[in-house]
Amino acid sequence: MPQYYQSKRLVDCQLPRDVFKRVSAMIEGYPRMKHEMAFLRGNIIHSTPKHDGHPKGSGVGDPTANKALRLAKLADELDCIETAVNDVNRLYTQKMKRKDLSSFDAISAFLDYRYFCFAMYKPDDEREPARRTWSYFKTLLAYKMAENLGLV
């Protein structure tokens, strides 16, 4: 279970606790959201139920439009996550003086300190990154996501 701690030294990147938890939950659900997006794209047209001609309620139902709205919302959320990940990757490429972080998975690094250490480990340095570096990374990624989502 991930810890919901933010770095206290990033005063201008501090988020309210509820916003940080909301953004963290979105990051944890990122693989599920990608899977759901692919599923909805494949089934948006072909899974509309056949109508038998009998009314099913007092309102007009449109399951295809509902799925399209869900798909649009998921696309916006995924775009916000991916934009924040790209921004933080660009920053860490410059900060860590690495040429390429294309194999670096920021979502896994947000969720797991061991993965972050493995990805940021420098072969010429025997030390691993400190936990405060990971906390700084998590706070920065969460702040960029909250900015993209319009929560800040």
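1. Confidence in the protein is highest in α1, with a mean of 90, and lowest in helix α5 (residues 113-120), with a mean of 82. Here pLDDT is the predictor's confidence in each residue, from 0 to 100, and helices are DSSP runs of H or I, at least four residues, numbered from the N terminus. Over the protein the mean pLDDT is 80, and 78% of the residues reach 70 or more.

2. On conventions: this is a predicted model, in which local features need pLDDT of at least 70 and side-chain atom pairs count only at pLDDT 80 or more, while totals for chains, interfaces and linings use all residues. Residues are numbered from 1 along each chain as its sequence is written, and side-chain values use heavy atoms, leaving out hydrogens and water.

3. Do look at L151, in the segment after α6 (131-149). L151 has 28% relative accessibility, so it counts as partly exposed (from 20% to 50%; under 20% is buried and over 50% exposed, with a 1.4 Å probe and protein chains only). Beyond its neighbours within four places in sequence, L151 is in contact with V19, R22, V23 and A146, contact meaning heavy atoms within 4.5 Å. P16 lies 135 residues from L151 along the chain, and their C-alpha atoms are 9.9 Å apart.

4. Finally, the cysteines. The structure holds 0 disulfides, a disulfide being a pair of cysteine sulfur atoms within 2.5 Å. C13 is buried at 9% relative accessible area, and C117 is also buried, at 7%.

Methods: Helices (H or I, at least four residues) and strands (E, at least two) are DSSP runs, numbered from the N terminus.
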